[in-house]
Amino acid sequence: MPELLLELFSEEIPARFQRRAADDLKKAVTNALVDAGLVYEGAKAFVTPRRLALTVTGLPARSPDTREEKKGPKLGAPQPAIDGFLRSAGLSSIDEAKVESDPKKGDFYVAHINRPGAEAVELLSGILPKILADFPWAKSMRWGSGSYNWVRPLRAITATFGAENEEPVVIPFASNTLEAGQTTFGHRFLAPAAIRVRRFDDYVEALERAKVVLDIDRRKDIIRADADQLAFAQGLTVIADEGLLEEVAGLVEWPVVMMGAFDPAFLELPEEVIIATIRANQKCFCLRDANGKLAPNFIITANTIAADGGKVITAGNERVIRARLSDAAFFYRGDLALPLEHGLPKLEETVFHAKLGSQFARVERLVKLAGEIAPQVGADPERAKRAAMLAKADLTTGMVGEFPELQGLMGRYYATAQGEPSDIATAVEMHYKPLGPTDKVPTEPVSIAVALADKLDLLTGFWAIHEKPTGSRDPFALRRAALGVIRIISENGLRFPLQVEPDLLAFFHDRLKVSLRDAGARHDLVDAVISADSNDILQITQRAEALSALLSSADGQNLLAGYKRGANILAAEEKKDGKAYAGAVDQDALKLPEETALAFAVDAVHAAVSSHIGKDDYKGAMAKLATLRAPVDAFFTAVLVNDADPAVRANRLNLLARLRDTMHLVADFSKVAG
């Protein structure tokens with residue numbers, strides 16, 4: 001079957017846009033093909049700094065003929081309804097419709113619409129220019145005198161269609177001033193000549209000969225493997241950096257890996273500073289020696305094969321890195337010369353938020369809040385307040401001004417250098433964490449106190465000024481802050497009830513549900529253990545775990561079935577009687593041994609479960625609930641709840657209410673599926 005080859009050749013596409021652009025191109029074209037009736041077998045998109053490419057295989061030569069039946073209004077319907085039906089069906093007269101009958105609805109009009117298929121090339125010539133015109137670049141530009149937008153100037157379009165053993169045809173369309181053809185170009189420096197292509201296989205081979213590796217993931221593999229081999233030969237290892245690898249692969253079409261070096265004297269700088277400097281300025285990878293220490297070397301990825309083996313390229317990178325590391329050393333020495341707290345007055349000049357005051361005002365809130373939290377997490381209040389006071393001070397340093405991503409980390413270095421206790425210095429770094437689902441969580445008491453203070457101040461502050469996340473919009477990373485609070489509490493096993501307004505507490509519940517579901521918890525079990533006023537994150541987590549363990553057992557499953565049977569009977573009878581049964585069981589009114597056994601079992605379990613919950617032993621509480629399985633099964637086997645004697649009936653309904661209330665001590669089982 002025929003295949004489509006599409007290439008959009010342009011000036012350099014920013015690396016950060018490339019992978020998304022390839023996905024967007026594939027999605028837009030394949031969706032349009034399906035909408036046009038052109039069902040395909042496979043599609044794959046590719047991207048390099050200078051081209052977006054797409055191949056779609058197994059396309060039919062034309063779309064199939066279709067027949068559609070469209071139901072219209074009843075006979076005798078008002079004329080506007082008739083006119084609307086004719087327009088939607090593409091009919092010129094109601095005489096072109098047929099009349100059909102329905103025993104219930106009577107006679108109505110039906111249009112039988114036959115739509116002939118169309119040649120795939122014809123359909124593609126209409127589809128592709130619209131996709132290019134509407135392409136969703138995050139940022140685009142216009143050039144020359146035209147009004148056409150693309151991420152960078154578009155230079156050529158290749159669009160061919162044809163079967164494997166046939167000469168493909170060029171899809172006839174134009175975008176801006178460019179006519180589609182079958183000419184592309186190789187590597188800008190190594191093989192810039194024009195290349196005539198027919199279909200995908202010879203296109204890939206021709207590009208490879210012209211020093212272009214089309215697949216970004218293959219370029220990443222080449223860079224990774226060559227860098228590892230080059231480092232291994234020197235007894236070194238490359239520091240893995242997936243983000244940098246993705247970016248570098250988006251900067252080159254023909255990756256060539258080289259190694260450079262810098263003055264070992266710069267190793268006196270914190271290694272994070274060296275790595276950030278080399279990464280940010282030259283997009284190079286750093287290395288470690290056999291002892292795990294930072295080596296005075298780096299890996300360069302060039303986009304050319306240098307005649308001199310890369311000596312000039314390496315020397316140029318070394319020269320720039322030497323200058324940038326010299327700047328970093330200047331900032332570092334200057335920052336060390338002043339105690340951290342000397343930067344605090346400058347925070348008064350920095351606005352945190354127009355409605356929440358300056359960064360200094362925020363520090364004052366953090367100091368107060370960290371001092372209040374400290375006793376609850378086992379931290380010394382004065383040390384927590386000292387750490388909170390210094391937490392934002394590094395924002396005024398030269399190093400953090402140059403590399404904002406080092407905030408907190410540099411504060412720890414500077415706090416340590418000025419003689420602060422280690423727990424305070426650590427808290428200065430760790431109070432920002434965790435920054436994501438894989439980031440580490442603070443574990444030292446002082447760090448925990450300041451980290452919780454930082455996130456709770458952020459959340460309560462923005463809630464107070466009604467700046468809450470909406471949809472996918474969360475400019476102040478409030479979802480991340482809430483998840484951070486949840487992880488700090490749960491992973492440290494903290495009993496730390498959240499004293500926040502109901503609306504914010506509901507936000508925490510939503511984030512906790514996401515967190516627990518991501519960890520594999522069933523959504524219905526999470527809902528069962530969270531009530532509107534649940535403010536203990538650890539308790540909710542432990543209840544969900546214990547409930548999951550209970551329901552994974554046969555006793556738990558059977559008990560749940562018995563609960564649902566009893567709850568359904570109780571709900572129906574309460575509705576019929578117009579009152580709620582409160583669970584007050586009259587022992588003298590118990591007639592059968594099975595109901596007596598259940599009544600005594602429920603009373604004993606109620607007391608035991610309450611005791612376990614008081615000790616935060618939810619597994620123990622669930623284990624006690626599991627013992628109700630046998631008496632519940634026996635009750636429903638032998639006992640008729642709706643006895644003819646009203647007093648007996650009411651007593652049995654109270655017994656079911658007592659069972660329900662006992663089980664609700666640990667979770668709302670009505671929310672559990674099954």
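Trainee: What do the buried residues of α7 pack against?

Mentor: They pack against β15, β16, α8 (311-336), α12 (398-402) and α13 (409-417), where contact means heavy atoms within 4.5 Å. This is a predicted model in which local features need pLDDT of at least 70 and side-chain atom pairs count only at pLDDT 80 or more, while totals for chains, interfaces and linings use all residues. Residues are numbered from 1 along each chain as its sequence is written, and side-chain values use heavy atoms, with hydrogens and water left out.

Trainee: And which residues of α7 are buried?

Mentor: Val273, Ile274, Ala276, Thr277 and Ile278. Buried means under 20% relative accessible area, exposed over 50%, and partly exposed in between (1.4 Å probe, protein chains only). Helices (H or I, at least four residues) and strands (E, at least two) are DSSP runs, numbered from the N terminus.

Trainee: How far does α7 reach from its first C-alpha to its last?

Mentor: Helix α7 covers residues 271-282, twelve residues, and reaches 16 Å, close to the 16 Å expected at 1.5 Å a residue. The expected span is 1.5 Å times one less than the number of residues. Just after α7, Lys283 takes a positive phi of about 55 degrees.

Trainee: Turning to β16, why is it described as largely enclosed?

Mentor: Strand β16 (residues 294-302) has eight of its nine residues buried, so the rest of the structure largely encloses it.

Trainee: Which strand pairs with β16 over six bridges?

Mentor: Strand β14 (residues 256-261) does, in the antiparallel sense; two strands pair if DSSP finds at least two bridges between them. Val257 has Thr301 of β16 as its bridge partner. Strand β15 (residues 285-288) also runs antiparallel to β16, joined by three bridges, and Phe285 stands opposite Ile299 in β16. Five residues lie between the strands in the hairpin of β15 and β16, where Gly292 takes a positive phi near 85 degrees.

Trainee: Now the rings: how many aromatic pairs are there?

Mentor: The structure holds 14. Rings of Phe, Tyr and Trp (its six-membered ring) pair if their centres lie within 6.5 Å; planes under 30 degrees apart count as stacked, over 60 as edge-to-face and the rest as tilted. One of the pairs is Phe635 with Phe636, edge-to-face at 5.3 Å centre to centre and 85 degrees between the planes.

Trainee: Is Phe635 buried or exposed?

Mentor: Phe635 is buried, at a relative accessible area of 0%, and Phe636 is buried at 10%. Elsewhere, ring pairs link Phe46, Phe200 and Tyr203 into a cluster.
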